[in-house]
Amino acid sequence: MSAIPPPASQNSSSSGFQDFLPVMADKLGGDGLIGELCNGFNLLMDREKGVITFDSLKKNSALLGLQDLTDDDLKCMMEEGDFDGDGALNQMEFCVLMFRLSPELMEASRFLFEEAFQHEFKDFH
């Protein structure tokens with residue numbers, strides 16, 4: 001899986017960056033995309049701890065084409081996704097982070113939410 005975007009700080013300064021998550025979402029659908037994100041999580045996680053740690057991210061980042069990221073970039077990625085503050089990323093935090101780092105997917109998700117919301121509450125004015 002090579003769809004994982006760099007941290008937000010690198011995203012804006014990286015001229016050659018291409019966000020593959022929207023393409024994957026179109027090809028695989030929602031369930032397929034989540035499955036691929038879970039596969040990416042499994043590649044990056046520390047097998048003993050069952051979460052992505054800084055060390056496991058650094059060690060396995062080349063598997064996903066992230067070998068050019070600096071330690072600071074990797075730390076920023078970890079901090080940005082670590083919602084519970086435990087210093088690691090669980091599977092849900094990782095998947096949410098991948099969506100947050102994909103501007104196109106976030107916009108599509110917002111549109112789909114608004115569409116679903118309007119459909120669900122069309123009878124309530």
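1. The model is predicted: local features need pLDDT of at least 70, side-chain atom pairs count only at pLDDT 80 or more, and totals for chains, interfaces and linings use all residues. Residues are numbered from 1 along each chain as its sequence is written, and side-chain values use heavy atoms, with hydrogens and water left out.

2. The chain contains six helices and zero strands, in the order α-α-α-α-α-α from the N terminus. Helices (H or I, at least four residues) and strands (E, at least two) are DSSP runs numbered from the N terminus.

3. Of the 125 residues in the chain, 35% are buried, that is, under 20% relative accessible area with a 1.4 Å probe, protein chains only.

4. Helix α5 spans residues 91-100, and its buried residues are E93, F94, C95, L97 and M98. At the start of α5, a side-chain oxygen of N90 comes to within 3.1 Å of the backbone nitrogen of M92.

5. The axes of α4 (residues 71-81) and α5 come within 9 Å and cross at roughly 110°; axes are lines fitted to C-alpha atoms, for helices over the stretch in contact, and angles run from 0 to 180 degrees between N-to-C directions. Helix α4 is therefore roughly perpendicular to α5, a term that covers 65 to 115 degrees.

6. In this pairing, M77, E80 and G81 of α4 meet E93, L97 and R100 of α5, where contact means heavy atoms within 4.5 Å. The residues of the contact of α4 with α5 comprise two nonpolar, one polar and three charged.

Notes: Buried < 20%, exposed > 50% of the residue type's maximum accessible area, 1.4 Å probe, protein only. Polar contact = N/O pair within 3.5 Å; in protein donor to acceptor, adjacent residues only side chain to side chain. Parallel < 35°, antiparallel > 145°, perpendicular 65-115°, else oblique. Nonpolar A, V, L, I, M, F, W, Y, C, P; charged D, E, K, R; others polar.
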